[in-house]
Amino acid sequence: MISVEKLYKSYGTVEAVRDLSFEVRKGEVVGFLGPNGAGKSTTLRIVAGFLGANRGRVLINGHDIVAEPFEARSCIGYMPENVPLYPELRVSEYLRFRAELKRVRRADRAEAVRRVMRNVRVEDHADVVIAKLSKGYRQRVGLADALIASPPVLVLDEPTAGLDPNQIREVRELIRGLAAEHTVLLSTHILTEVEATCDRALVIHKGRLVAQGALEELSKLRETSTTHFVVRGDAQKALDVLEAQQGASKVRKRKDSAEEVSVLDVTWKGAPEATPDKVEHAVAALVGAGIAVREASPRKASLEEVFSLLTEEDAHSDHGSDRDGEAK
Amino acid sequence: MKGFWPVFKRDLFSTFVTPVAWVTIFVFLLLQGANFYLLVAHFTNQVDIAIDRGPVQWFFADSILQYFPLLMLAPALTMRSLAEERRSGTIEGLLTTPVSTPAVVLAKWAAAFVTYLAVWAPTLLYMIVLKRAGEVDWRVVASCYLGVALLGAAFTSLGVLMSAMTRSQVVALLLSLAAVIGLLIVGIGEMIFDNGPAHDLCAYVSILSQMADFSKGLIDTRRVIFDLTLTAAPLFITVRAVDAWRWG
C-alpha cells in the first residue's frame, strides 16, 4: 500500500532523511519510531505529498505521489503533527469542508460527516467552534478528518502527542479499531505506543532506517542483562549475597525506603537469555540468608538505549540477530 | 481547478465570521464617509461645477483622501490569506488533499477580491445621495467602479503574493502596503519628469492618472491591460512560490 524507495531529503546542509526504503502492506498498522528530530515528520510529509523529496520515490496504492499526485493523495488520510485546524469553524463545518476538498460526493457528505463524528465520538461537539475545543477533541477531529473520505491508507503524525493518559488510551483504541479497514502508518517517539497499537515497527534514527520488524523482535531488543530486585531486610547483607552470586558483574543499590525495603540492580554477565536461571539462584540465596524478596524483574531498556545500541551496531555493520533493514 | 470552490467558500466564510472583515469595513467606510462629507461640504458652496470636476470625480480621483482607503483595503484583506495558513500549519492539511496549487491560490485571491468588492459596495449609496441632490451620469459611475475593481484585482493579487512570502500577517501587510504605495509613488513621477521614457513609464503605471481617467468615463485599454497583467503575474509567482516551499 505504501512503498518508499531510497528517499533522500535535506534542508539546506542538514540531511533529514537518508536512503530510506520501506514498505507497508495492506491491513498493517506500522509504527514509525524514532527520537525527536530523527526525520519522522519529514518522511511522513513526503509520504503524504506535502513535501518533495530530493531523491527517491513514494508509491501509494501503486500511484507515484509526484507523478500522479491527485490519485495518490486521494488514497491517503493524513493527520499532520499537532493537528492544525481552522479555529473559526465549527467541528461539523470543518469536516464538511474537508469532505468537499477530498471530493466526497455532495450527496454523501452529510452522511460521511456524521459517520466519522460517530467513529471518533465527537458528535456531542459537532456545533462547537474549534478554537474552544480541548486538545483531546482537536486530536479526534484531526482523526475524523483523516477518515472522512474513507481512504485505504492513513498516515498519522504523532497521534497521541500532548494527550493525557485517558485520552491516549482512547486514541490508541480508536487506531486499533481502524486497522480492520485501513492500512495505518503512524509515527511516535514512545515505544509503548508502538507496543500498544502496532503490528510492526520501523525504527529510524538520524534519517536512516536502523531496524524494522515485528513487535516481538523489537521487544527482544529491549531485553537487558539487568535484574531489578526489591528486598526487605538487611540491605548490606542483601548486597553481599548478590555480589557473591555467580555471574553477577555489577550490583548497585538504588535507594532505601521506609520499612527496610531496598532496591538493588544487578547486571549479569553474558547474554540476556541466560539471566532467568541466575535470577532464580539469586532469589533462593537471598531467601536462604533471611532476606524477603518482594520483586525480581528484568529491566527493560529505554528507547534511547535501544537507539544507541542499534546505531552503534549499524556503525559497525553488525549483521547478526534478527534485524534487517539496515541501510543497504 | 480541483479544490477551488471549497477553498473559496471557506476563505469567504472565515473572513466574515471573524472580526477582521468587520473592522476593515468599519475603518474603510469611516474614511470614505469623511471623504464624502468633505465633498458635500465643498460642493454645497460651489456655484459653478465643471463637467469633469464634479463630485463623482472628486470622490473617486481628485480627493487625496480617497487614496488612503483605496490603497490600504487590499493589503488588509489579503494579509491572512496564505501567511496564516502557513503559520498555523493548516496549509499542510490543505495541500495534502487532492487539490491543485493554482486552484488554491486562485481561490484565495478570488475570496479576497470578492470581499474587496463587498467592502466597496456600500459606497454606491453615496452615488444615490448625489443623484437625489443633482445630476449623476451612471455610465461615468460605472467606469469609476470599473477602475476601482481593476485596481482591486491587481492589489489583492499583490497582497496574496506578499502573504505567500512570509508566515507573519504583519509582515505580509507591510510588504503589500510597500508594494501598492511604491506603485503610487512611481506614478507621481509623471508630474516630476519632463517628457521622455521615464515620464511615459511613470504615466503608464500611475494609479492617480488611472483613477483620473476612469473617473471621467475614460476607459483606456492600456490601463485595463496593465491592471490585468498586475493581477495575473503575482498570482503566477504565488503558485510557483507555494510549490517552492514544498520542494525547497
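Reader: Which residues does B:Thr101 touch, not counting residues up to four places away in sequence?

Author: In this predicted model, local features need pLDDT of at least 70, side-chain atom pairs count only at pLDDT 80 or more, and totals for chains, interfaces and linings use all residues. Residues are numbered from 1 along each chain as its sequence is written, chains are lettered from A in the order in which they are written, and side-chain values use heavy atoms, with hydrogens and water left out. Taking contact as heavy atoms within 4.5 Å, B:Thr101 touches B:Val239, B:Val242, B:Asp243 and B:Arg246.

Reader: Is B:Thr101 buried or exposed?

Author: B:Thr101 lies in helix α7 (residues 101–120) of chain B, helices being DSSP runs of H or I with at least four residues, numbered from the N terminus. Buried means under 20% relative accessible area, with a 1.4 Å probe and protein chains only. B:Thr101 has 7% relative accessibility and therefore counts as buried.

Reader: How many salt bridges are there between chain A and chain B?

Author: A salt bridge requires a side-chain nitrogen of Lys or Arg within 4 Å of a carboxyl oxygen of Asp or Glu. The side chains of A:Glu100 and B:Lys9 form one, at 3.0 Å from N to O. Between chain A and chain B the count of salt bridges is 3.

Reader: Which helix gives the most to the side of chain A that touches chain B?

Author: At least two residues of that side come from each of α1 (40–48), α2 (69–74) and α3 (91–101) of chain A. With 5 residues, the helix that gives the most is α3(A).

Note on methods:
Buried means under 20% relative accessible area, exposed over 50%, partly exposed in between (1.4 Å probe, protein chains only).
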